[in-house]
Amino acid sequence: MRTTVGIIGGGPAGLVLARFLHRAGIDCVVLESRTREYVLGRQRAGMLEQGTVDALRAVGAARRLDLEGLVHHGIELRFDRERHHIDFPVLTGGRTVTVYAQTELVKDLVALQLAAGPPLLFAAEALAVERPESDAPVVRFLHEGREQTLVCDWVVGCDGSHGVARAAFPAGAGRTYTHDFPYSWLGVLADVPPSCEELVYARHERGFALHSMRSPRVSRLYLQVPNGTRADDWPDDRIWDELAARFALDADWTLNRGPITSKAVTPMRGQVHEPMRHGRLLLAGDAAHIVPPTGAKGLNLAVSDVRVLARAFTALHTTGSTRLLDGYSDQCLERVWQATRFSCDMTRMLHVQPDGDAFDHRMQLARLRRITASRHAAAELAANYTGLPLPP
Ligand code: APR
Ligand code: PHB
């Protein structure tokens, strides 16, 4: 097989890139190692910045998102048994965010891709990227029981944090910066209407808790847990009791309880790989960077990477110039490091440090109080949460 852009990975990064390229008349093929059923069933985050929604509209992938997405005008910070509203439109000059599950977005993107091409192969596992420095890099992949090759002009690794694309960078061709946090998140999905209208980020002496949602009937909740925790150690009642304790307010408020339909533990990690390009191999999304989920930035960064990349491929296609492709890595990394900083700051401000002392605890409260007392500090949080503007 031969194509202009070989895309490894059919997550949000790969699928949105394929839509952009399709619109620009650029040929591509998407290889996805998992089956279609697996990809469509995977539970992920679901908070979209305005810029992400705009990008999805631009590629014609927002029809259901515009109907079913829940527009949010802020978040709630909860600490010391009190609630504080952070009003995004007021603080940012009108910006909002939209709750729409990544699972639903992937469903929409897969349907468009299968209806209007370009090719998307499921159960097609990339094994290696060969000759990334040459004019014709090759992806070797396994599909329908045999090894095949995809010869490309360019290869884009959108294959997540455990993919093969990054492994094709030769030793010394880049550097990976990693920070592992000393705690994880236990995430649950529950068939129960959300107990709040906005997302609630709660700091409590027992640990962080987050109340999010998937729809008016489905809640998504998270608890800070020690690293190494097994989801099976947390029966449903224990989860609800712990959530209720961490979200407790002096004011009247109750947490709705209901059947838990999924439970999983995710470690918290920040990681950035520099640069995001080697020869004709480019990285986008989780393949290049992972952020701790407290800032809701993972999916949004994946989409902003591929927006920049699509613009660069379109310029190459129409003018023959590689200038934008040459600037791709630097342009993305600027935004990636800002999102990483924000995600790590949010994480540190809201989680209990296992070896922390009373001093750390007072510092966290002082940070939170500064945000709720100062419009300037709140505006800084709101600007980062709703998404820093893309460079022109
Ligand atoms: N060959 C083909 N596909 C692969 C391979 C491989 N060797 N390795 C991984 N993949 C696929 C995975 O099965 C997955 O579908 O690549 C895809 C990567 O998708 P994501 O992990 O969703 O990453 P990305 O598209 O960058 O989206 C980032 O997803 O997990 C969230 O927090 C993350 O929200 C962020 C978003
Ligand atoms: C989610 O809805 O899954 C979610 C929302 C906000 C976050 C992280 C996860 O910061």
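The shell around ligand 2 divides into eight nonpolar, two polar and two charged residues; here Ala, Val, Leu, Ile, Met, Phe, Trp, Tyr, Cys and Pro count as nonpolar, Asp, Glu, Lys and Arg as charged, and the others, Gly among them, as polar. This is a predicted model, in which local features need pLDDT of at least 70 and side-chain atom pairs count only at pLDDT 80 or more, while totals for chains, interfaces and linings use all residues. Residues are numbered from 1 along each chain as its sequence is written, chains are lettered from A and ligands numbered from 1 in the order in which they are written, and side-chain values use heavy atoms, with hydrogens and water left out.

**Ligand 2.** The residues around this ligand (a heavy atom within 4 Å) are Ala45, Trp185, Leu199, Tyr201, Leu210, Ser212, Arg214, Arg220, Tyr222, Pro293, Thr294 and Ala296. Polar contacts, which are pairs of N or O atoms within 3.5 Å (within protein, one must be able to donate a hydrogen and the other to accept it, and residues adjacent in sequence count only if both atoms are side-chain atoms), are made by Ser212 through a polar side-chain atom 2.6 Å from an oxygen atom of ligand 2. Thr294 places a backbone N or O atom 3.5 Å from an oxygen atom of ligand 2, and a polar backbone atom of Ala296 is 3.5 Å from an oxygen atom of ligand 2. On its own ligand 2 has 280 Å² of accessible area, of which the protein covers 98%; such areas come from the Shrake-Rupley method with a 1.4 Å probe, and for residues only the protein chains shown count as cover. Strands E13 (199-203), E14 (209-215) and E15 (218-225) are the elements that give two or more residues to this shell, and E14 gives the largest share, three residues. Helices (H or I, at least four residues) and strands (E, at least two) are DSSP runs, numbered from the N terminus.

**Ligand 1.** Which residues come nearest to ligand 1? Of the 26 residues around ligand 1, they are Glu32, Arg42, Arg44, Gln102 and Asp286. By class, the shell has 10 nonpolar, nine polar and seven charged residues. Helix H1 (12-23), strand E9 (124-130) and helix H8 (298-319) each supply at least two residues of it.

| Residue | Ligand 1 atom | Distance |
|---|---|---|
| Pro12 | oxygen | 3.2 Å |
| Ala13 | oxygen | 2.9 Å |
| Ala126 | nitrogen | 2.9 Å |

Taken alone, ligand 1 exposes 700 Å², and the protein buries 88% of that.

**Helix packing.** Helix H3 (residues 50-58) packs on H8 at an angle of about 50 degrees, with the axes 9 Å apart. Axes are lines fitted to C-alpha atoms, for helices over the stretch in contact, and angles run from 0 to 180 degrees between N-to-C directions. H3 is therefore oblique to H8; angles under 35 degrees count as roughly parallel, over 145 as roughly antiparallel, 65 to 115 as roughly perpendicular and the rest as oblique. The crossing of H3 and H8 is left-handed, a term used if the near helix is turned anticlockwise from the far one by less than a right angle, with right-handed used if clockwise.

The axes of H8 and H9 come within 10 Å and cross at roughly 165 degrees, so H8 is roughly antiparallel to H9. Their crossing is right-handed.

Helix H9 (residues 323-350) also pairs with helix H11 (residues 375-386): the axes come within 10 Å and cross at roughly 125 degrees. H9 and H11 are therefore oblique to each other, and their crossing is left-handed.
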